[in-house]
Amino acid sequence: MTTWAMVADLRRCVGCQTCTAACKQTNDTPVGVQWRRVLDMEVGEYPDVRRAFVPVGCMHCDDPPCMHVCPSTATRKRADGIVTIDYDLCIGCAYCAVACPYQARYKSSEDAKRPDVATKCTFCVERIDAGLAKGLTAGVDPEATPACVNSCIAQALHFGDVADTTSNVSALLAENQHFRMHEELGTGPRFYYLWDKAP
Amino acid sequence: MSFGPRAWVQQHWDARAAANFMLGGAGAGLMIAAALAYPDSRAPVLLALGMIAAGLAAVWLEIGRKLRAVNVFFNPFTSWMTRESFAALLVFALGAAALWQPRPFLPLAAAAALAFVFCQGRILRASKGIPAWRAPQVTLLIVSTGLAEGAGIALYFTTAPLLVAWFGLAVILRAFAWSRYASAVQSPALVAPAKMLVQIGTVGVLLLTLMAFWMPDLALLAGAAALVTGLWLKFALVTRASLNQGFHLPHLPVRGAR
């Protein structure tokens with residue numbers, strides 16, 4: 001069964017925030033809301049300082065805590081693993097926002113399309129569905145690929161089906177060492193970070 | 001906007017959400033204390049219902065889409081917020097019946113109130129994004145603070161020995177729950193409230209409670225101290241100790257040729 005996942009190559013990301021801008025333009029999110037953002041992490045102390053740019057957002061977890069706590073059933077998980085929000089059901093209690101260990105959820109009264117309800121990255125689900133309906137391949141054909149991945153100038157972001165061993169993301173995961181954020185919490189995030197070649 | 005790896009205090013639940021835990025918990029505790037002491041007056045039940053209603057009204061003011069509030073009942077299978085809402089309905093129904101006929105409805109309302117405050121504890125525990133809330137020990141802490149605060153308020157209606165003894169037990173249980181919680185969670189935001197909880201809310205309150213067997217009026221002071229210290233702790237827990245998970249990289253990217 002298809003299982004969509006995002007892969008970010010931390011060695012390639014330059015922190016240009018083009019993915020953030022592309023996401024904002026595609027999804028028309030208001031000021032202060034960034035479904036896809038890039039953290040600028042500085043680690044260590046002078047002179048031993050290292051820096052990493054880390055794309056973050058909804059991890060579309062295997063076992064999403066946001067879905068379990070949602071009192072209105074607005075947050076659901078599709079068979080392909082994409083976690084969605086029904087904006088017509090959501091009451092905007094923000095319980096999902098405090099349940100999310102990735103700070104991926106927002107609630108904004110300035111959101112013209114989705115006022116005062118929970119919002120987050122959707123993996124550009126409408127785009128994927130429309131692309132698949134045309135027979136395109138998500139993660140390969142831009143029309144069936146999330147906007148942030150399409151816009152990445154460094155090819156640091158990748159999208160595809162991790163259940164398919166021949167997919168682009170499966171190949172990347174096989175060729176490189178990777179981790180997932182806060183894996184110890186047992187949420188099963190489907191956002192993989194590449195950090196080195198496979199040994 | 002770049003936050004970096006350090007955690008920051010969540011901004012989604014503010015004093016309005018805290019008010020639900022404070023008023024709702026104390027109100028539930030009052031309902032339970034009223035059932036135990038069986039005071040002749042119906043005022044404690046009325047006050048308990050009012051406090052729980054005020055807490056829920058406060059949190060209603062916080063939600064984004066207020067006219068859709070009824071949707072909160074849609075997910076009893078996994079959401080503790082939905083379960084809390086159903087428990088609240090039970091408390092109101094049985095509490096109203098208890099106003100009319102305390103026996104047998106007041107004990108039933110107290111059982112529903114216990115379920116209500118338990119759900120509040122589980123609401124915090126299910127908040128996986130907030131380390132200070134998701135600790136399993138938080139449930140007993142929330143329940144025991146509710147019991148102690150409610151018993152403290154109940155002392156203003158009657159200082160019957162049974163109620164005073166229950167109050168003392170609840171305060172001891174709260175201290176035990178805090179001790180368990182503090183062994184799992186260390187938060188700078190809880191240092192001052194915890195100090196007050198231990199020194200005034202526990203040691204001071206227990207001394208006053210013992211003395212109250214000879215000077216009943218001191219029980220009122222003990223009740224107030226237990227109430228204020230418990231409410232402050234919960235306020236700090238919800239609004240100030242609620243640092244999120246932050247971000248953490250187990251590996252930094254390896255750049256350049258190897």
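**Reading the model**

Modeller: Begin with the interface: 56 residues of chain A are in contact with 48 residues of chain B. Keep in mind that this is a predicted model.

Colleague: How much area do chain B and chain A bury between them, and on which atoms?

Modeller: The two chains bury about 4,300 Å² between them, and 60% of that lies on carbon and sulfur atoms.

Colleague: How many salt bridges are counted between chain B and chain A?

Modeller: The count for this pair of chains is zero.

Colleague: Next, the sheet. What holds strands together in general?

Modeller: Strands of a sheet pair through backbone hydrogen bonds, and the pairing can be parallel or antiparallel. In chain A, four strands make an open sheet in the order β8-β1-β10-β9, with mixed pairing. At its edges are β8 (157-161) and β9 (176-180) of chain A, each of which pairs on one side only. From one strand to the next, the twist averages 35°.

Colleague: Which way do β1 and β8 of chain A run, and how many bridges join them?

Modeller: They run antiparallel, and five bridges join β8(A) to strand β1 (residues 4-9) of chain A. Two pairs can be picked out by residue. A:Trp4 has A:Asp161 in β8(A) as its bridge partner, while A:Val7 stands opposite A:His158 in that strand.

Colleague: Which helix packs on this sheet, and what does the helix touch?

Modeller: Helix α6 (residues 168-175) of chain A does, touching β1, β8, β9 and β10 (191-197) of chain A. The direction of α6 makes about 115° with that of β8(A).

Colleague: Why is β8(A) described as largely enclosed by the rest of the structure?

Modeller: Because five of the five residues of β8(A) are buried.

Colleague: Last, the cysteines. What is a disulfide?

Modeller: A disulfide is a covalent bond between the sulfur atoms of two cysteines. A search of the whole structure finds zero disulfides over all chains. For A:Cys58, the nearest cysteine sulfur belongs to A:Cys121 and is 5.7 Å away. The cut-off for a disulfide is sulfur atoms within 2.5 Å.

Conventions: Residues numbered from 1 in each chain as written. Chains lettered and ligands numbered in written order. Predicted model: local features only at pLDDT ≥ 70, side-chain atom pairs only at ≥ 80, totals over all residues. Heavy atoms only, no water. Pairing = 2+ DSSP bridges. Helix = DSSP H or I, 4+ residues; strand = E, 2+ residues; numbered from the N terminus. Axes fitted to C-alpha atoms, helices over the stretch in contact; angles between N-to-C directions. Contact = heavy atoms within 4.5 Å. Buried area = accessible area lost by both parts, 1.4 Å probe. Salt bridge = Lys/Arg side-chain N within 4 Å of Asp/Glu carboxyl O. Buried < 20%, exposed > 50% of the residue type's maximum accessible area, 1.4 Å probe, protein only.
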